[in-house]
Amino acid sequence: MTSPTDLAGLDIAFVDDDADLREANAQALQLAGFKVEAFASADTLLAEIGPGFTGAVVSDVRMPGMDGIELFRRLKALDADIPVVLISGHADIAMAVGAMNEGAYDFIAKPYAGERLAETLRRAVEKRALVLENRRLRALAIAAVEDEGLIGETPAILRLRQTIRDLADVDVDVLVLGETGTGKEVVANLLHRLGRRGEKPFVALNCGALPDSVIEGELFGYEPGAFTGAQKKRVGRIEHASGGTLFLDELESMPIGAQVKLLRVLEMREIAPLGSNDIRKVDLRVVAATKLDLGDPNRRGDFREDLYYRLNIVTLRLPPLRERRRDIPLLFAHFLGRAARKYGRELPRLDRAVERHLVENDWPGNVRELVHFAERVVLGLAGDLPAEPIRGDAAALSLPERLGAIEANLIREALEASRGDVKATLEALRIPRKTFYDKLARYGITRAAYEE
């Protein structure tokens, strides 16, 4: 018996229990230019086919043992995108139509012309090739996550990567919450590239980098004469992003006037450039990023509550590096290799000071800070590290602080080992529940970040 991968280069798998019809159809399809293999039963096909199958399946409906309808359902469970064409007699047409409603590619009633079957299968094979190519490209895009810095093995990062894949093709606006340097634009870019908008523009705007007097023109565009200095028409970022994704970084810095207009864009998907009464429809996905919890009225400031709730359909939280310390060696090794290639240097040997810095630093700049540190190490500029362990404020730790850092790391390791299970963590640490939660609050540890 052949293995499932042996069917990877096949165009057509033809299943029929009638030997004469099976061989005649296989020969006709081969003459039409297909690579064909014939199977006497559904079981023999299922024993050989796998998700890597590159073609389409043709099956008679009425067969002893497993019939064509059940074969279709088994193939759908294996890979829902394998095209299945059912051949049915007049009495079986209703069943075949029902199977098409479940996702079968087509059915052909007996008697049929050979060219009719060949033309259907040409379309089916082309569709299968397109599906497999899209899967290949998406797999490459997912693999490219490592090049973007969203790598790690902690439960929070594994969940985040899976959520990004799940949301990539869903046309819903997304709010990304995370500290500076955690990779918010990486997430936005990934949502864009992995989805159906991936070939369209990805347009980014930092709301905190522009003066209030400029940001509305940048977002909505303007017509000549709209204001002093507007000498020619300008297409705004929103309109330019139509068809693709608009990424708004530091959303909390957006002025009130622009917030009101952005709310209308989100609700109506239309804009009016400054100095114009024309309403223009836009088709875009908005991914907004903020380092503040805009759901907290005490931190929201003058940010509009209605805009927050309009954007808060889906919120992705990026954990800071201090909450996923297990990922630091993996990240650092990756960035060290990338920096060595970038600057044409050999990978350096790490001394105790560098290793201690990786373990003890709080990384307030998160992944971005780790990238810069890796570059300094490659360039030989990390020799100014102090002899004592340091934290994010760069101050030397007292003995109680050093003991606290060790205790916090032990708690994080226990949470990682138990995948965030409180009972298992308490048993490992042998401390009371109240003490455990007190220490989580003291060290800023989020238990949910370790759940799978």
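Buried means under 20% relative accessible area, exposed over 50%, and partly exposed in between, using a 1.4 Å probe and protein chains only. The views below come from a predicted model, where local features need pLDDT of at least 70, side-chain atom pairs count only at pLDDT 80 or more, and totals for chains, interfaces and linings use all residues. Residues are numbered from 1 along each chain as its sequence is written, and side-chain values use heavy atoms, with hydrogens and water left out.

View 1. Strands (E, at least two residues) and helices (H or I, at least four) are DSSP runs, numbered from the N terminus. Two strands pair if DSSP finds at least two bridges between them.

**View 2. Zoom in on strand 1 (residues 12-15) and strand 3 (residues 56-60), which run parallel.** Four bridges join the two. Look for Ile 12, which stands opposite Ala 56 in strand 3. Strands of a sheet pair through backbone hydrogen bonds, either parallel or antiparallel.

**View 3. Now find Ser 88, a residue of strand 4.** Ser 88 counts as buried because its relative accessibility is 0%. Contact means heavy atoms within 4.5 Å. Leaving aside neighbours within four places in sequence, Ser 88 is in contact with Val 61, Ile 93, Ala 96, Phe 107, Ile 108, Ala 109 and Lys 110.

**View 4. Helix 9 (residues 212-220) has buried residues, among them Ile 215 and Phe 220.** Gly 217, Glu 218 and Leu 219 are buried too. Their cover includes strand 7 (202-206), helix 10 (237-240), strand 8 (245-249), helix 11 (256-268) and strand 9 (270-271). After the helix comes Gly 221, with a positive phi near 80°.

**View 5. Last up is helix 16 (residues 366-378), with 13 residues.** From first C-alpha to last, helix 16 reaches 19 Å, close to the 18 Å expected at 1.5 Å a residue; that expected span is 1.5 Å times one less than the number of residues. Its buried residues include Asn 366, Leu 370 and Phe 373. Helix 14 (328-343) and helix 15 (352-360) are among what covers the buried residues. Just after helix 16, Gly 380 takes a positive phi of about 75°.
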